[in-house]
Amino acid sequence: MAGDGDREMVLANFQSITGIENLDECITLLDHHNWDLTACVNSVLADETDSPLRMPEAPVPDATWVTDQFSGGATISSVSVGEVIGNAIPLQPSSRRIKFLIEWKERTIPIVLDETETIGTIKRMLEMQIGLPMDQQSLLGWPHHLQISDESVLSTLNLREETALVLMSCVVTETPKESQPCSFKRSMNGETSSSSRGCNSLEKIMLNIQFGSSEFNLPYALTKTIGEVKADILSLSGVPCRHQCWSGWPDGVTDEMSLAEANLSFPVHSLRMNNGREDGPSKVRETRKPKQKHADVDMDGNDSSDNEDPSFHVDDDDDMFCDIPTSRRQINTMLKENCTDTAENLVKFTAQFEERYGEIHPHFYMGPLTEAIQEAGGASAKERRPLLLYLHHDGSILTNVFCSQLICSDTIVNYISGNFVVWAWDMTHDTNRTRFLDMVTQHFGSVAASTVRGFGAEQYPLLLVAMKNRSAMEICSVLQGTVTLDELMTGLISAHETFQQAMDVEIREEEEREARELVKREQDEAYQASLRQDRAKAEEKKRQEEEEMLSKKLHEEQALHEAQLKEAQRLSLMDHLPAEPGSECTAPVSNLRFRLPNGDTVTRRFLATNPLQVVLTFVQTRGFLDSEYKVVTNFPRRDLSALDTTESLQSIGLYPQETIFVEER
């Protein structure tokens with residue numbers, strides 16, 4: 001079981017390898033595999049490719065692959081999953097990562113690389129996974145205006161974060177040219193055979209489709225019909241099949257024909273698609289200059305057509321009406337083409353909205369979508385509110401009724417203003433629609449963007465209810481412009497109840513977390529207070545010890561000084577002490593015994609004629625100064641220090657012998 005620090009590393013590596021952005025989904029998958037990175041990665045990629053991911057084994061400092069050159073050829077080293085963990089991949093990689101979805105036979109191979117890698121790296125990874133040598137690989141689906149080689153760096157190709165390619169083997173009897181058509185015919189038993197000798201048996205074809213400023217590189221199986229291709233373009237561009245104007249299909253093709261029967265150019269066939277509603281009749285396009293694009297809005301709300309302008313019919317008989325001026329008012333769109341979500345543009349949106357529908361409307365947040373998300377997210381779960389995204393489209397006949405009678409009604413305005421943060425955007429122009437889809441992908445994920453992309457212009461306006469669940473934003477409800485007032489109110493209430501239920505759980509968890517943090521803080525504070533007390537006690541004890549040591553040192557120094565003084569005084573007194581008479585002395589001698597305070601006994605002989613001062617001096621030479629000690633006799637009790645020190649020992653009775661006591665004063 002990985003620790004907390006190891007789990008963060010495993011989570012970061014798992015996201016970087018699989019490209020899954022949703023943290024909750026990543027944590028759920030890793031929990032299911034007991035945080036075993038290798039098993040979890042193989043399980044995820046096995047679901048996508050039906051084969052486990054085989055990763056490199058030798059660590060490389062830069063990307064994932066290196067080539068060791070030898071005299072006999074090149075061998076490929078790799079990095080293992082365990083070693084990738086050891087490299088401490090950051091949560092926020094410094095370089096952009098690109099996910100390639102490579103079609104090969106009946107499977108899709110996902111490969112995720114840093115944009116600092118080359119095309120050769122992709123081929124080396126494919127060689128390791130499917131065993132097809134690099135020199136036999138041909139990758140299709142790159143932008144046509146670029147010169148591609150194995151040394152081309154991905155960052156120079158301006159690729160999307162998710163790019164679809166087609167892998168084909170170059171082992172053919174004759175290399176087909178890009179413009180060479182490859183026709184197919186059906187035999188009597190129903191098998192397909194190629195009628196062109198130069199074409200290998202390709203299972204897929206890459207269609208390069210230009211639509212305005214957008215370019216789609218889509219791999220298709222040859223069994224797909226042209227009608228199915230047009231239906232797919234409807235989901236990508238939002239242009240209904242009846243309004244798609246195509247150029248590039250061979251003559252005589254029908255929607256029921258398969259791509260194998262259409263006599264297309266292999267391996268890549270280029271097409272162009274235009275929106276017939278925007279272009280108008282072909283004759284008008286040839287004879288009239290294009291006019292500035294704007295929205296046609298019937299201010300009376302009496303739009304009887306199914307989201308179509310009569311001038312868009314392409315019958316030859318209608319050309320005579322091309323120059324008849326329209327009876328509708330031409331008004332400006334909410335947002336100009338290719339706008340950004342700045343506060344200035346959203347103020348203009350609000351002003352235009354009020355000009356059309358009045359000043360009673362929900363309060364639109366005047367700032368970028370990022371700031372609106374932060375406003376709705378709040379600092380805590382108690383402060384959160386759901387985010388309501390209003391998507392306007394002037395091409396829908398429902399817009400006027402929805403805005404004037406539903407979203408601007410007093411009941412709806414009051415409820416929305418009290419419970420939601422509202423942010424608005426205009427989807428009329430394709431550039432603004434693309435920009436919004438990019439913002440949705442960034443903030444809510446690719447699934448939400450796909451949901452929005454699936455709505456056609458006739459289904460607008462839309463109300464998207466988003467809320468912050470855990471740490472991620474997600475779309476929880478979508479309300480279309482076809483609803484009634486009651487249905488709209490019911491949908492908003494239901495969405496808010498869903499939000500409130502999720503918030504109740506998060507508020508409870510947040511309160512429990514705050515309670516735990518409070519207990520932890522109190523414990524930490526108590527621990528810190530205890531530490532401070534222990535530290536103060538230790539400092540006080542140390543101070544006292546230092547004072548005692550200093551006092552002891554002073555006493556020792558003082559005692560040493562006093563001892564030195566005593567010693568100096570004793571030595572000085574010894575110079576004045578007469579010598580002890582010897583045994584040969586014939587003069588009268590007094591034998592005196594001294595009992596000292598320490599219990600020692602000292603005996604010395606003095607001349608009987610010596611003054612008492614000589615005895616006192618002798619006692620001082622033994623270290624017992626007269627200022628601290630006194631010299632006494634017991635029988636009779638006399639203090640010799642108080643007697644006349646000039647009298648002789650014989651005269652004061654210290655002859656011929658006596659015991660003298662030295663006592664402390």
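Me: What makes strand S19 and strand S20 a pair?
Reply: Two strands pair if DSSP finds at least two bridges between them, strands being DSSP runs of E of at least two residues, numbered from the N terminus. Strand S19 (residues 589-595) and strand S20 (residues 601-607) have seven bridges in the antiparallel sense, so they meet the criterion. Val589 stands opposite Leu607 in S20. The model is predicted: local features need pLDDT of at least 70, side-chain atom pairs count only at pLDDT 80 or more, and totals for chains, interfaces and linings use all residues. Residues are numbered from 1 along each chain as its sequence is written, and side-chain values use heavy atoms, with hydrogens and water left out.

Me: What lies between S19 and S20?
Reply: Five residues separate the two strands of this hairpin, and Gly599 in the turn has a positive phi of about 95°.

Me: How do you know that S19 also pairs with strand S23?
Reply: Five bridges join S19 to S23 (residues 657-664), and these strands run parallel. The bridge partner of Arg595 in S23 is Phe661.

Me: Why are strand S4 and strand S5 called edge strands?
Reply: S4 (107-114) and S5 (137-140) each pair on one side only. They belong to an open sheet of four strands in the order S4-S3-S6-S5, with mixed pairing.

Me: What makes the group around Phe353 and Trp423 a nonpolar core?
Reply: A nonpolar core is a set of buried (under 20% relative accessible area, 1.4 Å probe, protein chains only) Ala, Val, Leu, Ile, Met, Phe, Trp, Tyr and Cys residues joined through side-chain atoms within 4.5 Å. The largest such core has 55 residues, and Phe353 and Trp423 are among those that touch the most other members. Another core, of 22 residues including Leu207 and Ile233, lies apart from it.

Definitions and conventions
Buried < 20%, exposed > 50% of the residue type's maximum accessible area, 1.4 Å probe, protein only.
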